[in-house]
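Let's take a friendly walk through this structure together. Keep the viewer open and follow along as each region comes up.

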Amino acid sequence: MTADLSIIVCTYRRAEPLRRALDSVIAQRAPDGVRVELIVVDNSDDRSAEAIVAAEAARSPFPIVYIEAHPPNISVARNAGVAAATGPVIAFLDDDQQVDSDWLAQALHGVATHDHDVLFGPVTPVFEAPERTTAAIRALFSRGLAAPAGAELFAMGPRKTPGITLATNNSFFRTAAFRDARFDEAFGNAGGEDYDLLCQLQARGFRFGWLPSARVSEEVPARRCDVGYLRRRLYAGGQAFAAAVARASPSPSAARWAIRAKAAVQAVLMALATPVAALRGREAWTDHGFRFAGVLGKLSFGRLYPIYRHENDGAKRARG
């Protein structure tokens, strides 16, 4: 039997956050006659999520499907989830996110009311170490917009929605978006695979909209507020942004060089502004470094930096 809504959660060795994420989803109640399926894609090599999914499935009001996706690469996992989905609408949640109590009802209402191809809901971070955050860190892990439901959003170009970066976390895709599109595995260890797909869809005329009532929170462990890690992540993000925008342009090579040229000017201006940032205090200095890292990523000539592969390897070593 096909579903009306397929919810995909991709996971990689985050047992307790995943348990909390699934708890929040199975606490939802679907309206009568609405069929919901939850697909958990385990991207680890050791079936690390299998026992958790089995326990959650035993008490879930709707079916939970467990699938494996190899090798570890978030694009591989997302594509496997899409291939397994049976619904006309696919919702993506991260394995460290928890949905609000009325999230499912608001999502179903939103996709029935608005005709956009993709809708995006708000994300509120919950920091393990809030004292370590800065304005840039809070913005990085948040998605918020003072706009009504159904407001048009843009991933790139002159109309790019300011202040937010569109991504799959807490998003709702009509399956027609995947008819001729997949998440590119080249981005799978660097991040930005979802932004790349959205740029491709925008270039082909697909429409994006805002759904402020479908809210989630996202757990942010203290290690993700480490300055060194975030500089590497923002550098990788700058690379992914430049690569995605260029690929979606009519002339990718010319677009990539134009992005580099703009980034070179930004880098010079930021270098000149460094003493001022230092005088404004620790937070201003830290955020200046984050922005500089993103600019250098856009300027880069190298391959996409595999930030998530390094993060996952580090997490494995920490667990022994």
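With a relative accessibility of 32%, Glu283 counts as partly exposed in this predicted model. Its salt-bridge partner is Arg138, and the closest N and O atoms of the two are 3.6 Å apart. This pair connects distant parts of the chain, since Glu283 sits in helix α9 (residues 282-299) and Arg138 in helix α5 (residues 135-140), 145 residues apart. Arg138 is partly exposed too, at 36% relative accessibility.

The side chains of Glu152 and Arg207 form a salt bridge with an N to O distance of 2.4 Å. Here Glu152 belongs to strand β8 (residues 152-153), while Arg207 lies in the loop between α6 (193-203) and β10, 55 residues apart. Glu152 is partly exposed at 35% relative accessibility, and Arg207 is partly exposed at 32%.

Glu16 has a relative accessible area of 40% and Arg19 one of 28%, so both fall in the partly exposed range, between 20% and 50%. Across the whole structure, the search finds 18 salt bridges.

Now move to strand β4 (residues 89-94). Five of its six residues are buried, so the strand is largely enclosed by the rest of the structure. Strand β1 (residues 5-11) pairs with β4 in the parallel sense over five bridges, and Val9 has Leu93 of β4 as its bridge partner. Strand β9 (residues 171-174) pairs with β4 in the antiparallel sense over four bridges; there, Val89 is partnered by Arg174 of β9.

What about the cysteines? The count of disulfides comes to zero. For Cys10, the nearest cysteine sulfur is that of Cys199, 20 Å away, and a disulfide would need the two sulfurs within 2.5 Å. Cys10 is buried at 9% relative accessible area, and Cys225 is buried as well, at 2%.

Leu272 is exposed, with a relative accessible area of 64%. Together with Val265, Val268 and Leu269, Leu272 makes a nonpolar surface patch of about 400 Å².

Terms used. Residues are numbered from 1 along each chain as its sequence is written. This is a predicted model: local features need pLDDT of at least 70, side-chain atom pairs count only at pLDDT 80 or more; totals for chains, interfaces and linings use all residues. Side-chain values use heavy atoms; hydrogens and water are left out. Patches are made of residues with over 30% relative accessible area and no salt bridge: like charges are joined within 9 Å, nonpolar side chains (Val, Leu, Ile, Met, Phe, Trp, Tyr) within 5 Å. Accessible areas come from the Shrake-Rupley method with a 1.4 Å probe; for residues, only the protein chains shown count as cover. A salt bridge is a side-chain nitrogen of Lys or Arg within 4 Å of a carboxyl oxygen of Asp or Glu. Buried means under 20% relative accessible area, exposed over 50%, partly exposed in between (1.4 Å probe, protein chains only). Helices (H or I, at least four residues) and strands (E, at least two) are DSSP runs, numbered from the N terminus. Two strands pair if DSSP finds at least two bridges between them.
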